[in-house]
Amino acid sequence: MMGLMPSEETRTMTPPTVRGSAALDAGKTGGASTRAWTMRLLVLGIVLSALNLRPAITSLGALLEEVRDGLGMSGSVAGLLTSVPPLCFAVFGVMAPRLARRFGAGAVVCAGMAAIATGLLIRPYAGGTAGFLAGSALALMGIAVSNVLMPVIVKHWFPDRVGSMTGLYSMALALGTALAAAVTVPLTDTLGGNWQTGLVLWAGLAVAAVLPWLPFVRGRVTPPGAGEQAVETASQGPASTEHARVEAPRLSMARSRTAWALAVFFGLQATAAYITMGWMAQIFRDAGVPAGTAGLLLAVTMVMGVPLAFVIPRLATRLPHQGPIVLALGVCGLAGYAGLYLAPAAGAWAWAVLLGIANCAFPLALTMVGMRARTGPGVARLSAFAQSTGYLISIPGPLLVGVLYQHSGGWGLPIALMSALMIPQMAVGFLAGRDRTVEDEAAR
């Protein structure tokens, strides 16, 4: 099974095995073509899944004004809508390790992609704000479990390439985020100007992401690194495989200072990211920037993560302490917020670039999740703890921005809030970047 098997602690790359007698044959003959096909399919699944982890959010950000008008939302309700993503990520993300132990990580990600497709299909036509929120929640549930399991899958299948594979995954995520921000408004205009049509288009990408995971459903393929133990387990039948699936060392993340620092860092960077995705286009539009240009500016912010999401994880894995990277990203964020406050329209492209660099705290956080735990089960529990706790922390931010925007009548106070939150983000990120593992701390 992909997911949480005891053999995750293996560090050498060995051939992937297939259940039953086929596994034994593959172990004897090498199964080179099967191994190559399996790994290519897995990489395709990771990339397509990553492409789907943000369009549900940034496509809405690009059309937020039209959705508000169409559904009769106030600024505060719109703020609540932008807080739904972190709420769903916190609530549903914590379930991911348990689901992976029971069904396998591949099956859970496959179901997650199906949930994203279904949610995106129904939310524009569900009728009213409540129906829109329900459809969004279904899509976000699929995103939540996939968010948590992606670092686990990377650690387990690519234990000697955590940095490069996290970079590839993060780059695809940034590309999907930017693509939805850039083309949603033009596509909506081309297709008649109906915001429902502009939002529902992204369900097709999620449908495509379901397909590569189908061979991994119900444990038909097991990860590399399983070695002879996986072959023996496979040959013993389903009962033995089920036993192996649920065994995993128990760790108390709440006892680890590093886990807490990483969770708070994750939460604060998520706060900044969801405020940016939900509100930055509106900030530019209120400053007099046309809607299409505002969508492009949001896309520029998101697309900065495409090259940097590949570079930063590789750099992070080469450094004993990731704190300097955290500080550099934080300084870019502070400069971007200062620009939004002082000259939002005049320097719009510069502020979009700076905030895009700052948002690369997300791939850095994912990389540190993989580095702060030694084993696959440790990564799974740390990923669930850091992301679920972090997203809980991030829930009030976008909502508070909406409230401050509505009651102050401008963006001064919201931007001041964003700037203030960047300081503790830099502090806890520096602590999370220290060279230590949660297994050592949680066992004390």
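This is a predicted model: local features need pLDDT of at least 70, side-chain atom pairs count only at pLDDT 80 or more; totals for chains, interfaces and linings use all residues.

A: Helices here are DSSP runs of H or I with at least four residues, numbered from the N terminus. Ser388 has its place in one such run, helix α20, which spans residues 376-394.

Q: Why is Ser388 called buried?
A: The term buried requires a relative accessible area under 20%; Ser388 has a value of 6%, and is therefore buried.

Q: Which residues count as contacts of Ser388, once its neighbours within four places in sequence are left aside?
A: Contact means heavy atoms within 4.5 Å, and on that basis Ser388 is in contact with Phe89, Ala90, Gly93, Val94 and Ser383.

Q: What makes up the largest nonpolar core, and which residues have the most contacts inside it?
A: Such a core joins buried residues of the nonpolar kinds through side-chain atoms within 4.5 Å; the largest one has 128 residues, and those with the most contacts inside it are Ile46, Val67, Tyr169, Trp213, Phe265 and Leu364. Helix α14 (residues 257-286) supplies the largest share of this core, 18 residues. Ile46, for its part, touches Met150, Ile153, Phe158, Met165, Tyr169 and Trp213, not counting residues up to four places away in sequence.

Q: What lines the largest cavity, and which residues lie nearest its centre?
A: A cavity is a set of points where a 1.4 Å probe fits but cannot get out; the largest has a volume of about 230 Å³. Its lining consists of 20 residues, with Leu173, Thr177, Met302, Asn359 and Phe362 nearest the centre. Helix α14 gives the most to this lining, with five residues, and by class the lining has twelve nonpolar, seven polar and one charged residues.

How values were computed: Residues are numbered from 1 along each chain as its sequence is written. Side-chain values use heavy atoms; hydrogens and water are left out. Buried means under 20% relative accessible area, exposed over 50%, partly exposed in between (1.4 Å probe, protein chains only). Helices (H or I, at least four residues) and strands (E, at least two) are DSSP runs, numbered from the N terminus. On a 1 Å grid over the protein atoms alone, a cavity is a set of points where a 1.4 Å probe fits but cannot get out, and a pocket is an open set with protein on both sides within 12 Å along at least five of seven lines; lining residues have an atom within 4 Å of a point. Grid points are joined across faces, edges and corners, and a volume is the space filled by probe spheres set on the points. Ala, Val, Leu, Ile, Met, Phe, Trp, Tyr, Cys and Pro count as nonpolar, Asp, Glu, Lys and Arg as charged, and the others, Gly among them, as polar.
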